[in-house]
Amino acid sequence: MLTAEQAERYARQVALREVGAAGQERLLRSRVLVVGAGGLGSAVLSYLAAAGVGTLGIVDRDRVEPSNLHRQILYGPADVGLPKAEVARRRVLSQNPGVSVAAYPEALGASAARRIVAGYDLVVDATDNFPTRYLLNEVCVRLGRPLVHGAVLRYSGQVSVLCQGQGPCYCCLFPAPPPEGAAPDPGVEGILGATPGVVGTIQAVECLKVLLGLGTPLVGRLLLYDGLSGDFQVVPVRRDPRCPVCSGE
Amino acid sequence: MRVLVKAYAQAAEALPAGDWQQGVEVELPAGATVGDLRARLGLRPQAVQVVLVNGVAARPSTPLKDGDRVAVFPLVGGGRAPSRTLQAGRRPPARRLPPYRMASTPPR
């Protein structure tokens, strides 16, 4: 049962015929782990907390730096030097004190990833590096958790819902990280401030769809956003029957 | 054989002129591979472009067959390097968060 306060707070969402009070209660019981509290994570966390996802976990080992502030809207100048996961937790709780938030200000190793992911229903890939992305993908495949993938660079980004149903995992689409030095470096290539907001917000929508069983999540489809042209394009993707990570599962 | 190549986002910039967004049919000799296609399109072997054949990741050695649908798009997502601040050893001093009390306890 929603409390009177919850019914008021989430009224516009409960008014959606496909959501209703039952859907809102489901969200309040849901647990989402957001890995990476940077530009993508700022948008995902804010919207999931606001929408009433009852338990959120935030993994990030970094501290806030001045160069983060043009896109990582959870933070301000006063937060520079503080651990992102902790500051993000506070900020998200101030946006919605009615949800629980756990902070994991640590590097995600294999055993930590398994232990932490096991406590959540769904995982958001808002990371900025390939090793963590491959690790998360493998853990999500093994534990059967949907992985809402997002990535940004310069003016573009991509979103897909991976490790879900008959859809592919990250490895089906990107079997190996680019060779050392060939990977695009955001510190060199740059990133337009609002781009992770666009992509992270779409990730948040996909999370809510998966949790609520709404519409058609981006499973088997990779959404590409090109900010310069303003285009959204969808690439059909599918599971690789020979994928070393998810085949034979 | 002919394969249909579509380029997404800014991948088309690296390709010869053509309506890559709609898709361009490329004629290749029988037995051609993705590597041959990349060479035909002028994509450097090191170019960080993702190539999917019928929706699945392809390697340069992946064989192509008539009617295959090939998607080419830029690799997005960071190969993160330490920021300049960190490289220069000017990491901002670590600070501790003062104690915090939540406005209300979350519902169980």
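A residue is called buried when its relative accessible area is under 20%. This cut-off is applied below to a predicted model.

Chain A has 249 residues, and 57% of them are buried. Its secondary structure comprises 10 helices and eight strands. The C-alpha atoms occupy a box of roughly 55 × 45 × 40 Å along the principal axes.

Helix H4 of chain A covers residues 39–50. The helix has 12 residues and reaches 17 Å from its first C-alpha to its last. That length is close to the 16 Å expected at 1.5 Å a residue. H4(A) is mostly covered, with 10 of its 12 residues buried. The buried residues begin with the run Gly39(A), Leu40(A), Gly41(A), Ser42(A), Ala43(A), Val44(A), Leu45(A) and Ser46(A). Leu48(A) and Ala49(A) are also buried. Just after H4(A), Gly52(A) adopts a positive phi of about 90°.

Helix H7 of chain A, residues 130–143, gives a similar check on length. Its 14 residues should span 20 Å at 1.5 Å a residue, and the end C-alpha atoms are 20 Å apart, so the two values agree. H7(A) is largely enclosed by the rest of the structure, because 10 of its 14 residues are buried. Among them are Phe130(A), Arg133(A), Tyr134(A), Asn137(A) and Cys140(A). The buried residues of H7(A) pack against both helices and strands of chain A. The helices are H6 (110–117) and H8 (170–173). The strands are E1 (31–35), E4 (122–125) and E5 (147–153). After H7(A) comes Gly144(A), with a positive phi near 70°.

Glu206(A) lies in helix H10 of chain A, which spans residues 195–212. Its relative accessibility is 5%, so Glu206(A) counts as buried. The side chain of Glu206(A) makes a polar contact of 2.8 Å with the side chain of Lys209(A). Other contacts of Glu206(A) go beyond its neighbours within four places in sequence. These partners are Val148(A), Val159(A), Val161(A), Pro217(A) and Leu218(A).

Chain B has 108 residues, of which 40% are buried. Two helices and five strands make up its secondary structure. From the N terminus, the elements follow the order β-β-α-β-β-β-α. The five strands form an open sheet in the order E2-E1-E5-E3-E4, with mixed pairing. Strand E2 (24–27) and strand E4 (56–57) of chain B are the edge strands, each pairing on one side only. Within the sheet, strand E3 (residues 49–53) and strand E5 (residues 69–74) of chain B are antiparallel and share five bridges. One of the paired positions joins Gln49(B) to Pro74(B) in E5(B).

Contacts and surface were also computed for chain B. Among its contacts with a separation of 6 or more, 55% are between residues 24 or more positions apart. The accessible surface of chain B comes to about 6500 Å². Carbon and sulfur atoms account for 51% of that surface.

How values were computed
Residues numbered from 1 in each chain as written. Chains lettered and ligands numbered in written order. Predicted model: local features only at pLDDT ≥ 70, side-chain atom pairs only at ≥ 80, totals over all residues. Heavy atoms only, no water. Helix = DSSP H or I, 4+ residues; strand = E, 2+ residues; numbered from the N terminus. Expected span 1.5 Å × (residues − 1). Buried < 20%, exposed > 50% of the residue type's maximum accessible area, 1.4 Å probe, protein only. Contact = heavy atoms within 4.5 Å. Polar contact = N/O pair within 3.5 Å; in protein donor to acceptor, adjacent residues only side chain to side chain. Pairing = 2+ DSSP bridges. Areas by Shrake-Rupley, 256 points an atom, 1.4 Å probe, with all protein chains shown as cover.
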